[in-house]
Amino acid sequence: MAEAAIDNLRKVLELERAKGFADSAVLGGLDGYLRRLPKDSPALSNQHLSAALGALPVGGYASLPSAKRRRWLEGLLAIIDGRSAGAQPSPGVGPKTGASPPPLAAAGAKRGARPVAARRVVQTAGQASLDSPISALRGVSRATLSRFARLGVQTVHDLLFHFPYRYNDFANIRPISQLVVGEEQTVLATVWSAAETTIGRRLKGSEAIVGDETGTLRVIWWGQRYIARQLRPGTRVALSGKVSVYRGQLQMESPEYESLSSDDLIHTARLVPVYPLTEGLWPRVVRRLAKDALDKFADNVPDPVPPEPKERLRLWPLPYALRQMHYPDSLETAQMARRCLAFQELLIIQLGVLKRRRAWQESGRAYPLALPPEALAGLLSSLPFALTQAQRRVMGEMAADIGREVPMSRLLQGDVGSGKTVVATAGLLAAVASGCQGAMMAPTEILAEQHYRTICALLGDGRESILDGGVFHPPSMEKPLRVALLIGSLRGREKAAAQEAIACGEVDIAIGTHALIQAEVSFPRLGLVVVDEQHRFGVMQRAALRAKGQSPHVLVMTATPIPRTLVLTVYGDLDISLIDEMPAGRKAVKTIRALPHERDEVYGFVREEVTKGRQAFIICPLIEESEAIAAKAVVQEYEHLARDVFPDLRLGLVHGRLPSAEREGEMRSFRDGDLDILVATAVVEVGIDVANATIMLVEGADRFGLSQLHQFRGRVGRGEHQSYCILLAENPSQEAQERLSLMETIYDGFRLAEEDLRLRGPGEYFGTRQTGMPDLKVARLSDVDLIERARAEAARLLEADPSLARPEHRLLECQVSRLWERVTAEVS
């Protein structure tokens with residue numbers, strides 16, 4: 001039966017050849033005959049025949065000139081006769097040599113999508129290379145070169161990895177009579193007329209009338225008069241765009257267009273890539289150059305991923321993945337290409353993260369630290385509360401780490417108010433008890449002062465001078481202990497004195513800001529480094545503080561809940577400890593959504609709380625593109641509140657444009673009770689605890705993410721009184737309404753963080769640049785499974801080859817080194 005079906009196809013093809021390739025062998029043409037073949041026809045199930053049939057262009061056999069019809073048909077007959085079992089007849093528009101897709105590529109091919117030809121051009125010595133500027137490609141002017149440079153695209157390699165962020169689906173090909181108004185679709189038609197035209201009084205453009213066997217279509221291009229000169233009557237074209245009606249006639253406005261005489265359609269009749277652009281850089285230019293780069297250089301791109309992981313994960317060769325990423329045959333192949341490229345990106349990141357962890361652990365011997373049981377008991381007995389089980393568990397994890405000579409690298413996560421500082425204090429006391437120094441670095445002066453006060457209160461009465469440092473004699477400690485504060489706002493003489501005291505070992509615990517990592521500061525015996533609000537610093541700041549000691553243990557803390565995927569990437573070089581339990585008796589902050597017409601009622605509630613002796617925050621979003629304009633808007637809101645709403649209350653103002661000293665001074669005044677209401681931007685997200693503050697009013701709450709709103713909420717509820725977080729949104733979108741609803745019902749910061757990452761994506765979760773996380777071109781932080789697979793493969797590779805020195809790993813090592821050198825340069 002199979003032989004009979006293929007024999008029938010042979011007879012049709014031979015008759016078509018006898019008739020001079022006039023497409024007259026069968027009624028309705030050869031294309032109609034092929035479309036009528038059953039899906040289970042042996043002609044379609046045969047791999048080589050199916051590939052040959054798929055090599056036809058979107059216009060089918062009928063769209064080919066006679067010479068190409070002949071070449072394609074003769075090749076097909078050769079396959080049937082067994083004369084060239086591996087050949088694929090090419091009419092000049094299908095896949096070329098070396099471009100046959102892997103088995104997975106064909107699986108998801110979308111009917112009607114046209115595969116882009118992949119010309120294999122092997123560059124030789126003396127010719128352009130991947131490192132050549134993009135001017136090596138045809139038709140790149142100086143202006144185009146400078147525009148690409150604004151996008152960070154300077155070399156051919158950069159262009160190959162300048163990926164589309166979405167695709168226009170123009171694979172929906174219809175005859176003119178079946179076009180649907182309002183939909184994106186493609187027509188294959190003949191140009192009947194084309195001319196420059198004036199639309200209205202002044203607007204000039206191009207107008208064409210095109211037609212097929214079912215009807216005619218008017219096409220208008222606004223302002224693009226040159227198109228009329230390109231579209232000659234009789235030309236066969238593909239037009240892709242949205243269809244509308246003008247005076248009862250179907251028309252397309254400014255569609256993509258392309259001549260069907262072209263070997264490869266890249267602007268129409270397929271999934272068309274949409275690239276990031278900049279002013280003056282047109283989509284057609286980027287698509288043309290990307291295609292040119294793929295044709296000439298894709299096969300030269302070295303693939304750093306070794307064969308074993310590729311086989312385990314069924315990943316495509318890199319050149320084919322690049323082609324399918326730029327010009328996919330279907331949405332399924334685009335997704336598979338993204339997966340292949342994302343894995344490579346994540347593997348390089350994970351190798352860098354794990355190598356950094358290994359290098360830190362092998363960089364030198366740390367001082368083993370231990371806190372005598374009686375000293376720990378003395379610390380705990382001085383606390384006005386009992387430790388939670390979570391705090392005790394985390395203290396045990398830290399004690400086990402710092403008791404070894406291998407330097408600790410541990411991330412301590414805990415919601416606002418969960419008791420991280422007590423855990424850190426125990427570690428710092430262990431350093432002092434072991435004859436070493438401890439250091440704690442915070443991102444702001446107000447937070448550094450806050451830690452200083454808290455630790456002083458835990459060690460003594462907390463009343464010692466902030467500037468001179470405090471001397472304590474904690475219970476069960478053998479010698480007095482000195483704590484010093486080092487911040488940028490200290491006067492020169494005070495700062496020099498603190499630096500000298502740290503350098504000569506007189507200071508046991510130094511608490512400060514970036515001032516701690518300045519060149520003038522040295523620690524003779526640094527045992528433990530604590531970095532608070534880790535995401536406010538970069539990798540290099542953390543490394544700089546580490547470098548102040550031999551190989552100190554490092555504990556980084558954050559109250560910003562971190563989703564699992566960020567833990568595996570940004571913080572992948574750290575062990576994780578989690579305080580997932582709040583102290584007993586702490587009241588949950590009641591969270592309420594308010595509508596604009598309830599504003600007066602909200603202000604009245606704020607006044608009631610202040611009358612009771614409480615304090616309030618009012619947060620204003622930065623909604624202007626210019627920071628200066630935004631600051632002015634916040635100042636105007638503050639003046640309105642102070643003049644018209646709360647004229648009898650004491651209001652303060654902080655925003656990012658205020659000088660640091662003025663901003664810190666306002667925060668201190670609020671903390672000390674000299675202000676009733678603090679009007680602020682997001683600068684108060686971290687860094688100020690005021691037990692007496694019971695109101696957090698967030699204006700424009702729909703403009704903030706869940707994690708940021710949760711951080712605002714954590715600024716209140718620190719004392720004994722019931723606290724409230726009021727979310728005021730003017731006109732929230734559906735997504736914003738979902739966020740605000742989640743805030744009302746979920747109080748677990750880690751659950752909110754996962755929801756935030758899901759809703760907003762990693763780019764907005766927090767700035768990856770400041771974390772030392774490389775920019776992700778293809779991978780997403782929502783790719784949990786892929787991240788975990790990349791981490792597992794990275795661990796397997798490093799276990800077998802710790803230095804990646806084997807020949808098959810050298811390219812991978814080169815890319816890892818290059819990536820992390822760039823990250824280091826960007827964050828340093």
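Met440 has Ile511 of E13 as its bridge partner. The pair belongs to a predicted model. Strand E10 covers residues 437-441, and strand E13 covers residues 509-512. The two strands run parallel and are joined by 4 bridges.

E10 and E13 are members of an open sheet of 8 strands. The strand order is E11-E12-E13-E10-E14-E15-E9-E16, and the pairing is mixed. Strand E11 (470-472) stands at one edge and strand E16 (575-579) at the other. Each of these edge strands has a single partner strand, so one side of each is left without a neighbour in the sheet. Neighbouring strands are turned by 20° against each other on average, direction ignored. Helix H18 (residues 492-503) lies across part of this sheet.

The protein as a whole contains 30 helices and 22 strands. It has 828 residues, of which 53% count as buried. Among contacts between residues at least 6 apart in sequence, 72% join residues at least 24 apart.

Two helix pairs were examined. Helix H12 (residues 318-326) meets helix H13 (residues 331-362), with axes that come within 8 Å. These axes cross at roughly 130°. An angle from 65 to 115 degrees would count as roughly perpendicular, and one over 145 as roughly antiparallel. H12 and H13 are therefore oblique to each other. H12 passes H13 in a left-handed crossing. On the H12 side, the contact is made by Leu318, Ala321, Leu322, Gln324 and Met325. On the H13 side, Thr333, Ala334, Ala337, Arg338, Cys340, Leu341 and Gln344 take part. By class, this contact holds 8 nonpolar, 3 polar and 1 charged residues.

Gln344, one of the contact residues on H13, also touches residues elsewhere in the chain. Not counting residues up to four places away in sequence, Gln344 touches Asp303, Pro304, Val305, Leu318 and Gln815. Val305 lies 39 residues from Gln344 along the chain, yet the C-alpha atoms of the two are separated by 6.6 Å. Gln344 has a relative accessible area of 8% and is therefore buried.

In the second pair, helix H16 (residues 420-433) crosses helix H17 (residues 445-459). Their axes come within 11 Å, and the crossing angle is roughly 70°. That angle makes H16 roughly perpendicular to H17. The crossing is right-handed. H16 contributes Thr421, Val422, Thr425, Leu428 and Leu429 to the contact. H17 contributes His451, Thr454, Ile455, Leu458 and Leu459. By class, the contact has 6 nonpolar, 4 polar and no charged residues.

Another strand pair involves E1 (residues 166-169) and E8. These strands run antiparallel and are joined by 4 bridges. Arg166 has Val274 of E8 as its bridge partner. Strand E8 spans residues 271-274. Leu271 and Pro273 point one way from E8, and Val272 and Val274 point the other way. All of these E8 residues are buried.

Most residues other than glycine have a negative phi. Phe21 is not a glycine, but has a positive phi of about 60°. Its place is in the loop between helix H1 (2-18) and helix H2 (29-35). Phe21 has 10% relative accessibility and so counts as buried. Ser254 is also not a glycine and has a positive phi of about 50°. Ser254 sits in the loop between strand E6 (249-253) and strand E7 (256-259). With a relative accessible area of 34%, Ser254 is partly exposed.

Technical notes. Residues numbered from 1 in each chain as written. Predicted model: local features only at pLDDT ≥ 70, side-chain atom pairs only at ≥ 80, totals over all residues. Heavy atoms only, no water. Pairing = 2+ DSSP bridges. Axes fitted to C-alpha atoms, helices over the stretch in contact; angles between N-to-C directions. Contact = heavy atoms within 4.5 Å. Parallel < 35°, antiparallel > 145°, perpendicular 65-115°, else oblique. Left-handed = near helix turned anticlockwise from the far one by under 90°. Nonpolar A, V, L, I, M, F, W, Y, C, P; charged D, E, K, R; others polar. Buried < 20%, exposed > 50% of the residue type's maximum accessible area, 1.4 Å probe, protein only.
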